[in-house]
Amino acid sequence: MADVTYEKASLTFPGAEAPTIDKIDLHIDDGEFMVLVGPSGSGKSTALRMLAGLEDVSSGTIHIGDRDVTNMAPKDRDIAMVFQNYALYPHMTVGDNMGFALKMAGVDKDERARRVHDAAKLLGLEEYVDRKPKALSGGQRQRVAMGRAIVREPQVFLMDEPLSNLDAKLRVSTRAQIASLQRRLGVTTVYVTHDQVEAMTMGDRVAVLEDGYLQQVDTPLNLYDKPVNSFVAGFIGSPAMNLFTVPVTPEGAKLGTLTVRLPQGADEKIKGDREITLGVRPESFRPVAAGEAGLETTVEVVEELGADAYVYASVEGDDGEQQTVIARHEARTVPARGGKLNLSVDSEKVHMFSKSTGESLFTPAA
């Protein structure tokens, strides 16, 4: 087992005007499950491939344990990688697929059999070891790909969107299995996904990337409660945080018919800015009676999810543009589409960000 460290690691592809990965500093503890998350093009898969040795580092270094692996061949890094496509040999059995890398490495037959048996037992694949991949479901094939990585007993697991080819229900169950398996094995794992729900439910910590820059690294709950900027705030959470550009008046931040009183100490941080970005989580809104002080909205869509419901409503901003507001609502009393919904928010539960830099100005207490 080993920790992993990126030190000012950058990668600029030939002919590119800007680096794909720009001076990343990231330390991953021994045995930690670290998730790299971000939108398409953020550089998360590239960062993983740099660690694997599949992309050359332009500057900076990468360490696995006490070894500088920056210029080391992939086969010498003691890693195992799981991709989104299973890449199984169709003519081989499950057992042969899992043990193939060991065979190529010259591991003797008895040791190969032991490792394959142990991995198959761990993954619930014992009854399938003599079958061909075509006889397996997508989830079972992904477990075979996992088994192929496990039998190598590497220092680090690298996983690049391994669940993206599975259907939604299977993805949920498989991500729980992977997270549980990683904790039992205790192997340092770096996991790439574009799905922030996956990131929040699997990782010990999550690293959020945008355009090659590392935006924030923290526990899932801290990313949700204490985003350092408006990008992280809007990316983490499902549904996403509501973000509004609003004017600041002596009474507070004005959003439509609602004026949100500035929290204590916010004046000093705003420093006279005439506009800020106001962030409100859907669960921080609460319906109030018509006529009470609140944000008057028109209901556009209601997502009924059983225990909860989410209302997507529209509100006219000061510039005359329609903005969408997402609010969590009690599932048994949802408003009708096209109806009016009056929403209030506790000023102590709002986030505030600089309009120009996106940096957090105020984070509510958890």
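**Pockets and a helix crossing**

Author: This is a predicted model. By class, the largest pocket has a lining of 12 nonpolar, 1 polar and 3 charged residues.

Reader: What volume does the largest pocket have?

Author: The volume of the largest pocket is about 400 Å³.

Reader: And which residues lie nearest its centre?

Author: The largest pocket is lined by 16 residues, and Ala80, Met81, Phe83, Arg148 and Arg152 lie nearest its centre. The elements giving two or more residues to this lining are β6 (79-82), α2 (94-104) and α4 (138-150).

Reader: Turning to α2 and α4, how do their axes cross?

Author: The two axes come within 7 Å and cross at roughly 35 degrees. The crossing of α2 and α4 is right-handed.

Reader: Which residues make that contact?

Author: From α2 they are Val94, Asn97 and Met98, and from α4 they are Val144, Gly147 and Arg148. By class, the contact of α2 with α4 has 3 nonpolar, 2 polar and 1 charged residues. Arg148 of α4, part of this contact, is also one of the residues nearest the centre of the largest pocket.

Reader: Now the second largest pocket, please. What lines it?

Author: The second largest pocket holds about 180 Å³ of space. Its lining has 13 residues, with Glu296, Thr297, Thr298, Lys340 and Leu341 nearest the centre. Two or more residues each come from β16 (295-304), β17 (308-316) and β19 (340-345).

Reader: How does that lining divide by class?

Author: The lining of the second largest pocket divides into 3 nonpolar, 6 polar and 4 charged residues.

Conventions
Residues are numbered from 1 along each chain as its sequence is written. This is a predicted model: local features need pLDDT of at least 70, side-chain atom pairs count only at pLDDT 80 or more; totals for chains, interfaces and linings use all residues. Side-chain values use heavy atoms; hydrogens and water are left out. On a 1 Å grid over the protein atoms alone, a cavity is a set of points where a 1.4 Å probe fits but cannot get out, and a pocket is an open set with protein on both sides within 12 Å along at least five of seven lines; lining residues have an atom within 4 Å of a point. Grid points are joined across faces, edges and corners, and a volume is the space filled by probe spheres set on the points. Helices (H or I, at least four residues) and strands (E, at least two) are DSSP runs, numbered from the N terminus. Ala, Val, Leu, Ile, Met, Phe, Trp, Tyr, Cys and Pro count as nonpolar, Asp, Glu, Lys and Arg as charged, and the others, Gly among them, as polar. Axes are lines fitted to C-alpha atoms, for helices over the stretch in contact, and angles run from 0 to 180 degrees between N-to-C directions. A crossing is left-handed if the near helix is turned anticlockwise from the far one by less than a right angle, and right-handed if clockwise. Contact means heavy atoms within 4.5 Å.
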